[in-house]
Amino acid sequence: MTDQNKDQKAQAPKTQRINGVRGMNDLLPADAAQWAHLDHVLRDLTRAYGYEFLRTPIVEATAVFQRGIGEVTDIVEKEMYSFEDRLNGEQLTLRPEGTAALVRSVIENNLLYEGPKRLWYTGPMFRHERPQRGRYRQFHQFGVEALGFAGPDIDAEIILMGQRLWDELGLKGVRLEINSLGQADERAKHRAALVNYFEKNKVQLDEDSERRLLSNPLRILDSKNPEMQTLIEGAPKLLDFLGEESLTHFNAVQALLKANNIPCKINPRLVRGLDYYNLTVFEWVTDELGAQGTIAGGGRYDPLIERMGGKAAPACGWAMGMERVLELMSVSGSLPEAQTQCDIFVLHQGGETLTAAMIIAERLRSAGIDVILFCPPDGQSASFKSQMKKADASGAAFAVIIGPDELAKNEAQIKDLRASGEQKAVPLDGVLEAVINALVGASE
Ligand code: HAM
């Protein structure tokens with residue numbers, strides 16, 4: 001910070017608003033029900049396929065991602081939020097994705113000791129990208145990872161999970177694109193052909209691609225630069241370099257998808273932006289979300305566990321961007337209605353009526369009923385008319401009213417806020433029973 005900036009800061013009034021960080025969003029109450037709905041569907045989905053939940057910390061040693069995702073990737077080169085621990089100088093990073101961190105945990109906790117594992121996770125991820133619609137610096141992923149399974153059956157299973165999820169969420173216009181990255185030796189042959197091809201056309205490479213030509217030429221195929229697309233289109237295709245085993249695996253995955261009526265398109269240019277993949281890779285894409293049309297992606301990453309220091313074991317998985325999926329639900333018109341806040345709204349006139357109202361509200365809550373107790377914003381009191389407006393806006397089915405007149409008679413009024421508007425007096429110690437009957441009656 002320059003001295004001038006510091007002076008300006010010092011002069012800034014202490015009450016000046018402090019905003020959130022660019023590209024990192026609040027989840028506001030109006031959207032909370034949609035996220036809760038998505039969480040609910042995800043929990044049911046993972047249970048239906050026998051996947052267990054695993055949560056890793058948001059901060060990991062930077063090496064987890066450098067080694068896991070690969071040094072020569074956009075994420076590791078440009079997008080990580082990395083910092084040094086002030087106390088011990090350790091290099092740390094806010095996780096940009098879940099897979100490398102999950103593998104770190106699986107190895108550290110020896111989770112594959114008893115055999116393969118099906119796991120899932122959800123949570124915030126951080127990438128320092130240019131924020132735009134569908135692309136944020138803090139975003140949320142849901143991911144599934146199946147570790148210790150080598151066959152094409154598990155590739156197909158995790159893809160079926162995705163398709164079931166889109167159906168469940170009512171998403172429209174989602175396409176599955178699939179490719180095979182083969183094995184290391186096949187990629188090496190393809191790589192030699194790629195380098196040869198790009199070297200012949202070196203003048204057309206942009207700065208990033210020129211740098212990657214020798215370090216990681218496959219990444220050039222992942223370039224988003226529109227001026228490079230024709231060149232990339234004509235590049236040698238990895239599929240043409242696959243050996244028999246890789247092709248058999250790829251064909252078996254496709255056959256299982258076909259048998260389950262899952263259409264997919266082979267996209268030979270699909271290479272994914274992370275370095276841990278081999279064999280099957282795939283993405284679900286849509287045209288409905290503008291430039292950020294990939295709602296989920298993943299694939300097989302057999303080399304990763306060993307690369308991260310574990311005993312070699314095959315694995316595959318995928319992750320989806322939750323913001324993008326919710327946005328697509330909105331475009332598809334399949335977002336759930338906002339939920340009402342409560343069943344019962346309790347009105348009172350302060351003093352002893354507040355005491356009685358609070359006791360009743362607690363009694364109802366103990367019986368599992370959702371209750372909002374009116375609290376006057378000025379800490380004093382408010383007219384029943386203005387309280388009733390709040391009761392209506394809360395979406396509650398019934399209001400319980402305790403004014404001085406009611407309290408004098410040891411009674412409360414119960415008012416139907418939806419259908420009839422009917423109001424009746426009940427004894428104070430009969431409020432719970434009357435409310436339960438009213439709620440049951442209203443739901444029939
Ligand atoms: P990824 O393709 O980097 O893969 O991210 C998965 C999904 O996260 C993307 O398809 C997209 O929907 C969402 N996403 C990524 N970056 C952003 C962003 N800046 N803002 C909003 N959404 C975003 C992975 O992360 C791998 N770990 C997937 C995987 C799991 N592979 C195997 N297992």
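Predicted model: local features only at pLDDT ≥ 70, side-chain atom pairs only at ≥ 80, totals over all residues.
**Entry 1**

I began with V285, which stands opposite T294 in strand 10. Helices (H or I, at least four residues) and strands (E, at least two) are DSSP runs, numbered from the N terminus. Residues are numbered from 1 along each chain as its sequence is written, and side-chain values use heavy atoms, with hydrogens and water left out.

I then looked up how strand 9 and strand 10 pair: the sense is antiparallel, over six bridges. Two strands pair if DSSP finds at least two bridges between them. Strand 7 and strand 9 also pair in the antiparallel sense, over six bridges. There I found W284 of strand 9 as the bridge partner of L176.

Is strand 9 enclosed or open? I read that eight of the eight residues of strand 9 (residues 278-285) are buried, so the strand is largely enclosed by the rest of the structure. Buried means under 20% relative accessible area, exposed over 50%, partly exposed in between (1.4 Å probe, protein chains only).

I traced an open sheet of eight strands with mixed pairing, in the order 1-5-6-11-10-9-7-8. Its edge strands are strand 1 (52-53) and strand 8 (265-266), each of which pairs on one side only. A reminder to myself: strands of a sheet pair through backbone hydrogen bonds, either parallel or antiparallel. I found the parallel sense between strand 7 (residues 175-180) and strand 8, over two bridges. I266 in strand 8 is the bridge partner of I178.

**Entry 1: positive phi**

I checked L279, which lies in strand 9. L279 is not a glycine, yet its phi is positive, about 45°. L279 counts as buried because its relative accessibility is 6%.

I also checked N410, another residue that is not a glycine and has a positive phi, about 60°. N410 sits in the loop between helix 15 (404-408) and strand 15 (411-416).

**Entry 2: helix 5**

How many residues of helix 5 are buried? I read eight of the 10 (residues 99-108), so helix 5 is largely enclosed by the rest of the structure. Among the buried ones are T99, L102, R104 and V106. I looked for what covers them and found, among others, strand 2 (59-61), helix 3 (62-69) and strand 5 (117-126). Strand 6 (138-147) and helix 11 (304-307) are also included in that cover. After helix 5 comes N110, whose phi is positive, near 55°.

**Entry 3: the ligand**

Which residues come nearest to the ligand? Of the 26 around it, they are E97, T99, E129, E145 and Y277. A nitrogen atom of the ligand is 2.5 Å from an N or O atom in the side chain of E97. An oxygen atom of the ligand is 2.9 Å from an N or O atom in the side chain of R127. An oxygen atom of the ligand is also 3.1 Å from a polar backbone atom of G321.

Taken alone, the ligand exposes 660 Å², and the protein buries 96% of that. I noted that strand 6, strand 10 (294-300) and strand 11 (315-321) are the elements that give two or more residues to the shell around the ligand. Strand 10 gives the most, with five residues.

Technical notes. Contact = heavy atoms within 4.5 Å. Near = heavy atom within 4 Å. Polar contact = N/O pair within 3.5 Å; in protein donor to acceptor, adjacent residues only side chain to side chain. Areas by Shrake-Rupley, 256 points an atom, 1.4 Å probe, with all protein chains shown as cover.
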